[in-house]
2 protein chains.
Amino acid sequence: MSEIIELARRARVASYALAEASRATKDAALRAMAAALRANTDAIVAANAKDVAAAREAGTPESTVDRLALDPARVDGMAAGLEQLAGLNDPVGEVVRGYTLPNGLELRQVRVPFGVVGIIYEARPNVTADAAGICLKSGNAVLLRGSSSAAASNVAIVAVLRDAAEASGLPADVVQGVPTDRAAVKELMQARGLVDVLIPRGGAGLIQTVVSESTVPVIETGVGNCHVYIDADADLDLGLEILLNSKVQRPSVCNAAESLLVHAAVADEFLARALPALAHAGVTVHGDPTVVAASKHLGGADGAAATADAAPVVANAAPVVAADEDDFGTEYNSLDLSAAVVGSLEDAVQHIRRYSSGHTDAIVTRSQAAARRFTQAVDSAAVVVNASTRFTDGGEYGFGAEIGISTQKLHARGPMGLPEMTSTKYVVTGEGQLRT
Amino acid sequence: MSEIIELARRARVASYALAEASRATKDAALRAMAAALRANTDAIVAANAKDVAAAREAGTPESTVDRLALDPARVDGMAAGLEQLAGLNDPVGEVVRGYTLPNGLELRQVRVPFGVVGIIYEARPNVTADAAGICLKSGNAVLLRGSSSAAASNVAIVAVLRDAAEASGLPADVVQGVPTDRAAVKELMQARGLVDVLIPRGGAGLIQTVVSESTVPVIETGVGNCHVYIDADADLDLGLEILLNSKVQRPSVCNAAESLLVHAAVADEFLARALPALAHAGVTVHGDPTVVAASKHLGGADGAAATADAAPVVANAAPVVAADEDDFGTEYNSLDLSAAVVGSLEDAVQHIRRYSSGHTDAIVTRSQAAARRFTQAVDSAAVVVNASTRFTDGGEYGFGAEIGISTQKLHARGPMGLPEMTSTKYVVTGEGQLRT
């Protein structure tokens with residue numbers, strides 16, 4: 001038997017005990033895990049230092065090294081996250097619906113854990129504690145397959161979490177690490193029946209691999225090509241604030257805006273203000289011909305923000321460049337923004353249907369009809385009226401915890417909290433009912 | 001572009017119009033489709049006669065031919081099913097949850113159609129109308145891939161349904177048939193992004209193929225290795241009635257019982273009554289050594305139902321044979337039943353965890369503690385106390401329609417009605433909220 005199959009079988013056995021654990025037991029384990037992380041901060045930081053040194057030696061970009069690095073404050077943050085989970089309601093046992101059938105059978109649909117969950121994730125080692133905690137609280141045994149670049153950190157964290165779980169009366173195997181070699185992840189993706197759900201967390205490449213190679217059911221997370229559409233009836237001040245917040249408040253994350261659409265009726269006025277503001281914020285705009293023309297107009301002699309040179313729009317600021325077809329489908333995760341002028345709300349909808357990743361798309365408008373039409377026609381996990389795209393997040397939605405943001409339509413869509421980490425079963429109670 | 005990709009793209013375009021159609025429009029289309037089926041009964045029955053003749057020529061078993069055959073009454077049944085759908089609530093637009101966030105954002109989670117659904121199914125042509133109706137009512141464009149043995153019937157039915165949909169103001173492409181060749185089904189399974197969900201309906205082989213080869217998300221349906229466990233505290237009269245109803249009322253379906261477990265404390269008494277009753281009903285029992293020994297005892301001189309011969313249990317009735325390991329994992333769909341004696345409720349739970357397909361498992365007991373323990377520990381789509389396994393069904397559960405019974409944990413578990421044919425999206429409405 002391969003190591004992965006063996007790990008998965010142990011997870012299954014542990015999952016039976018965990019599924020029946022009371023909320024009190026699970027919360028005590030989460031608090032014990034938090035305390036153990038704090039108590040073992042030195043060992044965890046020391047293990048992490050090896051990963052950081054290896055990453056630097058391999059020439060890893062410093063931004064990636066920063067995501068990998070742990071210090072006592074970050075370990076404390078992991079512990080605090082586990083304590084926060086202990087304060088949340090237990091989704092297991094919630095009655096989703098229930099009624100009595102005409103024949104007297106009492107039917108209840110009740111939340112139950114999935115059983116065994118696999119998480120495949122990239123560099124950040126804090127995901128190890130977050131994912132373990134969310135799975136434990138929702139009653140799922142977890143197989144954690146982190147990045148090889150964080151291997152030493154993850155081994156140290158998993159060891160601490162397992163000991164704490166066991167000391168709280170749960171099987172240690174409710175949390176297990178998975179070897180980081182490629183063969184192991186392939187086996188994990190083929191462990192249908194042993195692993196109930198796989199959740200990839202990371203870049204588009206990782207998610208694509210898991211989605212196409214896994215026979216285990218997958219919940220796809222986190223690719224966000226998010227749009228902000230400035231309607232003909234938009235309050236343009238509001239539109240500019242929402243656009244800037246959506247784009248620059250944290251450009252590296254999946255709910256940041258990647259594309260601007262502007263209704264032709266307000267394009268001149270809006271772009272005359274937005275392009276300089278974006279440029280000041282360091283955003284490179286990849287514009288369609290209309291947007292590029294508007295930027296040249298601004299850059300020229302009669303532009304409001306005119307400078308001596310034709311381009312860039314603003315001296316010492318980011319330029320407007322011509323978009324190619326690929327730009328509109330690109331999730332930049334950087335200070336880049338594609339931009340196009342559309343002839344109508346319907347054209348905006350068509351554009352979004354064609355290019356959106358179905359994560360979050362926003363309209364800015366004062367028109368009730370336009371808002372209604374946009375929210376009906378745009379089929380994304382989150383459709384936003386007059387607010388920043390950046391709110392699509394389990395914490396912002398009040399879920400208290402988030403395992404990721406689903407961009408698929410099956411099972412869960414949008415931010416996934418604890419209830420989304422469960423399945424249901426029907427419990428049917430009778431007194432001898434027979435089918436006729 | 002391949003034909004399947006072209007069909008899927010047309011389905012996507014049609015799905016936009018269908019997603020926005022009012023309940024009134026959809027219900028009118030369902031009623032028009034029902035009327036059109038009735039009006040075209042002769043043409044449908046004539047097309048079906050070709051399929052039936054070809055099946056007989058190919059030496060198809062008469063039971064399969066019966067499932068394939070349509071007559072005016074069966075066509076009328078399809079029409080009545082569509083009319084019944086028109087009377088059900090529209091799941092689209094239902095607000096699943098909604099509240100106002102601390103920052104004033106109004107958040108609503110709303111049911112929306114999946115978009116494009118693919119159904120892959122076997123012989124029975126009435127599934128064509130049922131599946132088309134359920135998809136239409138839930139706002140999904142459907143690609144119907146039926147069996148090649150029902151090709152002429154399905155082409156005729158799809159043509160009638162498309163014409164009626166179009167006459168009602170919906171795009172004809174809300175319902176499309178898919179060629180029955182193997183290349184087409186392979187392409188359908190790879191059409192990720194174009195097809196939102198695939199639902200295989202049929203035998204275990206079909207489902208296994210789709211589950212392992214599809215990159216499109218799949219909802220697995222309908223494999224049922226269902227158990228009836230007779231507890232130490234069971235009312236044995238009730239137990240026998242429930243066992244017989246679960247096994248013989250309709251043995252070919254997925255919610256029929258396939259395995260009997262009896263607590264050792266009541267095994268002698270229960271088997272002494274159950275084995276003759278099962279034999280009389282024509283059920284072949286595949287017993288573990290204890291069950292086989294009990295049957296020999298019955299068959300011997302001092303058995304209550306003793307006969308002149310040592311076996312079978314009852315003269316001219318079905319025998320008790322020794323089970324091999326495979327029997328306990330087998331979904332017979334016939335008048336066969338595996339049977340074992342277990343030492344305890346926990347042993348029954350262990351047995352069910354090992355062998356159950358997670359469809360429906362029942363306990364017969366008067367003990368509240370045993371019922372509670374069984375319903376907690378057994379993780380199946382339906383866990384039943386003191387009633388027949390045969391109730392796991394969308395109609396029996398009051399859903400009004402059923403596309404299948406999900407035996408997976410993701411998205412939907414158990415009978416799937418109209419709400420299970422939808423996804424959700426978050427609609428978030430603000431007045432300029434920005435993320436800080």
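Domain bounds here come from an automatic or database domain assignment. On that basis, chain A of this predicted model is divided into domain 1 (3-220 + 408-429) and domain 2 (226-391). The centres of the two domains, taken over C-alpha atoms, are 37 Å apart. About 290 Å² is buried between domain 1 of chain A and domain 2 of chain A.

**Interface between the domains**

- Four residues of domain 1 of chain A are in contact with four residues of domain 2 of chain A.
- Carbon and sulfur atoms give 33% of the area buried between domain 1 and domain 2 of chain A.
- On the domain 1 side, Lys409(A), Arg413(A) and Gly414(A) lose the most area to domain 2 of chain A. Together they account for 82% of what that side buries.

**Polar and charged links**

- Two salt bridges are found across the interface of domain 1 and domain 2 of chain A.
- Arg413(A) forms a salt bridge with Asp379(A). Their closest N and O atoms are 2.9 Å apart.
- Two residue pairs are in polar contact between domain 1 and domain 2 of chain A, both at pLDDT 80 or more.
- The side of domain 1 that touches domain 2 of chain A has three charged residues, one polar residue and no nonpolar residues.

**A hairpin in chain A**

- Strand 1 (residues 95-100) and strand 2 (residues 106-113) of chain A run antiparallel, joined by five bridges.
- Val95(A) has Val110(A), in strand 2 of chain A, as its bridge partner.
- The two strands of chain A form a hairpin with five residues between them. In the turn, Gly104(A) has a positive phi of about 90°.

How values were computed
Residues are numbered from 1 along each chain as its sequence is written. Chains are lettered from A and ligands numbered from 1 in the order in which they are written. This is a predicted model: local features need pLDDT of at least 70, side-chain atom pairs count only at pLDDT 80 or more; totals for chains, interfaces and linings use all residues. Side-chain values use heavy atoms; hydrogens and water are left out. Contact means heavy atoms within 4.5 Å. Buried area is the accessible area (1.4 Å probe) that two parts lose on being put together, summed over both. A salt bridge is a side-chain nitrogen of Lys or Arg within 4 Å of a carboxyl oxygen of Asp or Glu. A polar contact is a pair of N or O atoms within 3.5 Å; within protein, one must be able to donate a hydrogen and the other to accept it, and residues adjacent in sequence count only if both atoms are side-chain atoms. Ala, Val, Leu, Ile, Met, Phe, Trp, Tyr, Cys and Pro count as nonpolar, Asp, Glu, Lys and Arg as charged, and the others, Gly among them, as polar. Two strands pair if DSSP finds at least two bridges between them. Helices (H or I, at least four residues) and strands (E, at least two) are DSSP runs, numbered from the N terminus.
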